[in-house]
Amino acid sequence: MDELIFFINRVLISGTVLGSIYALGAIGITLVFGILRFAHFAHGDMMTMGAFIGFVIASILAGMGIATPIPMAFVVMPLAMVVTAVIALGIDKGFYAPLRRRGVPSVTLLIASIGVTLMLQGLIRLLFGSGTRSLYINESKEIFRIDMTAFGGSRPISITEPQVLMMVVTVILVLALHFFLTRSRLGKAMRAMADNAALAQVSGINTALVVRVTWIIAGSLACVAGTMLALDVALMPDLAFNIVLPIFAAAIVGGLGHVYGAIVGGFLIAFAETLAVFNWTSILRPMTTWLPFDLPANLALVPTEYKLTVAFVILVITLLARPTGIFKGVSS
């Protein structure tokens, strides 16, 4: 039973949390690609920026003596989402919109987004330094332990407060986005523009409004993903830069421009990474007497430092079998 509990703690819970972060990040990337037809490389740093905005707001309120039963950074997240969405709109208006009006190719917009990445990283380091901070201003991170002795286990199932919050928030946001895209007039306009931008424009769809809503959704989700990631680990200037490549891989595996594909791709990449670095010795140890070989101390498929390569192996395999991704996206 302890082996099963270890698997739940290290694979099921960790994979679900990582998949939630990848999925929320990949949705923003796939929306921008589907509507604007370019890979927004600065999306990871928008996640980091959103987390720092939440940190600033939470610090101000905590300094005023305001206390909350759950982490302040989580409580102020809706306000941080609004600020991040406004900044995302400002970045589009200041950098990408002028390039689009000039009719530049997608690769130029991609290079411009790399420039925005460096700009955001520099701004964050200038304002907050390069050190690591905690989003728990005056609180402590709670750990919930589910006693499993009744089922024959000697260790509990452990899950932290931000991990629970992340799972709940991801389900709510995915459902809200589903109903927005399928039930609202604006959501249907976004899907039409993602399918064929030129046809959507001649059909009378307000494409400028669709672009603005795309940045609002992408910026808001980036803030949520960044804040929840910082609550789970720690807040640092390169918080999301290190995971932007797996997030891109998730969006491409799912099918660029396809929201549901981004969600599936996010969880697929996350669970593949988690299973690849999992120590299978802990599961096989009860079978030692039947195995024809001695179990090593660590029987992981890949070392933890090579975890990122798993995403690209899946990406290559998927593209070889299905070049437009699992959900047949716009283009890979």
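Visitor: Which helices each supply at least two residues of the lining of the largest pocket?

Guide: In this predicted model, at least two lining residues of the largest pocket come from each of α1 (2-36), α9 (207-232), α11 (259-277) and α13 (307-321). Helix α1 provides the largest share of that lining, seven residues.

Visitor: What makes a residue part of the lining of the largest pocket, and which lie nearest its centre?

Guide: A lining residue has an atom within 4 Å of a pocket point. The lining numbers 23 residues, and S14, L18, D232, V233 and K307 lie nearest the centre of the pocket. The space in this pocket is about 540 Å³.

Visitor: How do the lining residues divide into nonpolar, polar and charged?

Guide: The lining holds 13 nonpolar, five polar and five charged residues.

Visitor: Why is F41 called partly exposed, and why is F248 called buried?

Guide: Buried means under 20% relative accessible area, and exposed means over 50%. F41, at 22%, lies in between and therefore counts as partly exposed. F248 has a relative accessible area of 10%, so F248 is buried.

Visitor: How do you know that Y96 and W215 are stacked?

Guide: Their ring centres are 5.6 Å apart and their planes stand at 15°. The distance is within 6.5 Å and the angle is under 30 degrees, so the pair counts as stacked. Because Y96 lies in helix α4 (residues 77-101) and W215 in helix α9, the pair ties together parts that are 119 residues apart in sequence.

Visitor: Which residues have the most contacts inside the largest nonpolar core?

Guide: They are Y96 and W215, in a core of 98 residues. Helix α1 gives the most to this core, with 17 residues. Both Y96 and W215 are buried. Leaving aside residues up to four places away in sequence, W215 touches V32, L36, F38, H40, M46, A88, L89, D92 and Y96.

Visitor: Which residues do ring pairs link into a cluster?

Guide: The cluster consists of F6, F7, F278 and W280. The count of aromatic pairs comes to eight.

Methods:
Residues are numbered from 1 along each chain as its sequence is written. This is a predicted model: local features need pLDDT of at least 70, side-chain atom pairs count only at pLDDT 80 or more; totals for chains, interfaces and linings use all residues. Side-chain values use heavy atoms; hydrogens and water are left out. On a 1 Å grid over the protein atoms alone, a cavity is a set of points where a 1.4 Å probe fits but cannot get out, and a pocket is an open set with protein on both sides within 12 Å along at least five of seven lines; lining residues have an atom within 4 Å of a point. Grid points are joined across faces, edges and corners, and a volume is the space filled by probe spheres set on the points. Helices (H or I, at least four residues) and strands (E, at least two) are DSSP runs, numbered from the N terminus. Ala, Val, Leu, Ile, Met, Phe, Trp, Tyr, Cys and Pro count as nonpolar, Asp, Glu, Lys and Arg as charged, and the others, Gly among them, as polar. Rings of Phe, Tyr and Trp (its six-membered ring) pair if their centres lie within 6.5 Å; planes under 30 degrees apart count as stacked, over 60 as edge-to-face and the rest as tilted. Buried means under 20% relative accessible area, exposed over 50%, partly exposed in between (1.4 Å probe, protein chains only). A nonpolar core is a set of buried Ala, Val, Leu, Ile, Met, Phe, Trp, Tyr and Cys residues joined through side-chain atoms within 4.5 Å. Contact means heavy atoms within 4.5 Å.
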